[in-house]
Amino acid sequence: MDGARHKRGLMAGAVALIAVGALLLGWRTTLPVVLSAQVILAIAGLFVGPVLAAIALGIVGPAGFDQQLGKNQSFSAAGNVVTALLMAGVSYWAGIRDIFFCSVVLTVPTLICLSRIRSSDVDPRLARGAAAETIDHNAGIFRVLLQDRVLLVFFLCAALFHLSNAAMLPELGEMVARGHARAAGSLMSACVIVTQLVIAVAAAGTGRLAMRVGRRPLLLTGFGALVVRGWLYTVVRGDTALIAVQLLDGVANVIFGVVSVLVVADRTRGTGRFNLALGALGTFVGIGAALSTTYGGFLIQRFSYNASFLGLAGIGLLAFCVLLLFFPETRDAAE
């Protein structure tokens, strides 16, 4: 992404891959086809987030990135909510397989929106976080990824955050589904929609708040919300109460989703390696999320669901402590 000058073309390619993957899933559900579609969708997913962040940074520059990133997250979450409701209607009235063909149709307005961005609107220097005097030069990979202690601490915190977070909602669904399988689907849908609604409403404000109060206080709030959420799953019962707990999921994820990108932008400003560091963040997030279900599942098998939720919350508490003790404010340093 740092080296690519035609970022709109990369985005169009990623959207096209999403259409191909959806077509495969709608066409046939044999194991080879499904696995192939998942690989294609995963490759597309590698590009969508970084391309959108790079385009936003290339258009508005560092000064406007906080607010623009928050707006992007709000629209993204709103799209998730609308699409979830749309897919529910399609599956009910047409059939479950038609969901995938509907996804293909939705790539058309996506590409139309993308075509409204002119290539001249995106400054390739700003899009990779380069300084004016380094327009044709990027900082060394070793210096950006391995010599920045603050960035390494944050990568560790990000991995721990997702190690704590990723398994919580699936485990909640499993716990609720025991003996109430038909009700579990509706409850999980409601939980997901609540989370996305919180993100849609709060993301733009989170970007503005990060500009005013800084990154560190917001991150501590988000990590703290994750810990409290894990604990509440062990004491709260009843569908309404469990759905209400998802408000904390929305708080934690909107803060992490917005502020984590801002931290990377802060620490890589002037290096020309913004997208490289953002990709490294994604690697740590992926490692944490991949280990989360294994860790949580082990605790369920050996002990109980409550023990698993507390164990996941404990990882979140460890991340909170590392953030509190070793992570400084990055906004002031960037300025």
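Is Asp 121 buried, partly exposed or exposed, and at what relative accessibility? Keep that in mind while you read these points about the model, which is a predicted one.

1. Asp 121 has 26% relative accessibility, so Asp 121 counts as partly exposed. Its partner in a salt bridge is Arg 118, with the closest N and O atoms 3.0 Å apart. Arg 118 has 54% relative accessibility and therefore counts as exposed.

2. Now look across the whole structure, where a search finds seven salt bridges. One of them joins Arg 215 to Asp 66, and the closest N and O atoms are 2.6 Å apart. Arg 215 sits in helix H9 (residues 215–232) and Asp 66 in helix H2, so this pair ties together parts that are 149 residues apart in sequence. Arg 215 counts as buried because its relative accessibility is 2%. Asp 66, at 5% relative accessibility, counts as buried too.

3. Stay with Arg 215 for a moment. Arg 215 also forms a salt bridge with Asp 266, where the closest N and O atoms are 2.7 Å apart. Asp 266 belongs to helix H10 (residues 239–268) while Arg 215 belongs to helix H9, so the pair ties together parts that are 51 residues apart in sequence. Both Arg 215 and Asp 266 are buried. If you trace the links, you will find Asp 66, Arg 215, Asp 266 and Arg 269 in a network of salt bridges.

4. Next come the aromatic rings, with a count of seven aromatic pairs. Phe 65 and Phe 274 make an edge-to-face pair, 6.0 Å centre to centre and with 90° between the planes. Phe 65 is in helix H2 (residues 31–93) and Phe 274 in helix H11 (residues 274–302), so the pair ties together parts that are 209 residues apart in sequence. Phe 65 and Phe 274 are both buried.

5. Here is another ring pair to find on screen. The ring centres of Phe 154 and Phe 327 are 5.6 Å apart and their planes meet at 35°, so this pair is tilted. Phe 154 lies in helix H6 (residues 149–165), whereas Phe 327 lies in the loop between helix H12 (305–326) and helix H13 (331–334), so the pair ties together parts that are 173 residues apart in sequence. Phe 154 is buried, as is Phe 327. Both belong to a cluster linked by ring pairs, together with Phe 161, Phe 223 and Phe 256.

Definitions and conventions: Residues numbered from 1 in each chain as written. Predicted model: local features only at pLDDT ≥ 70, side-chain atom pairs only at ≥ 80, totals over all residues. Heavy atoms only, no water. Phe/Tyr/Trp six-rings, centres within 6.5 Å; stacked < 30°, edge-to-face > 60°. Helix = DSSP H or I, 4+ residues; strand = E, 2+ residues; numbered from the N terminus. Buried < 20%, exposed > 50% of the residue type's maximum accessible area, 1.4 Å probe, protein only. Salt bridge = Lys/Arg side-chain N within 4 Å of Asp/Glu carboxyl O.
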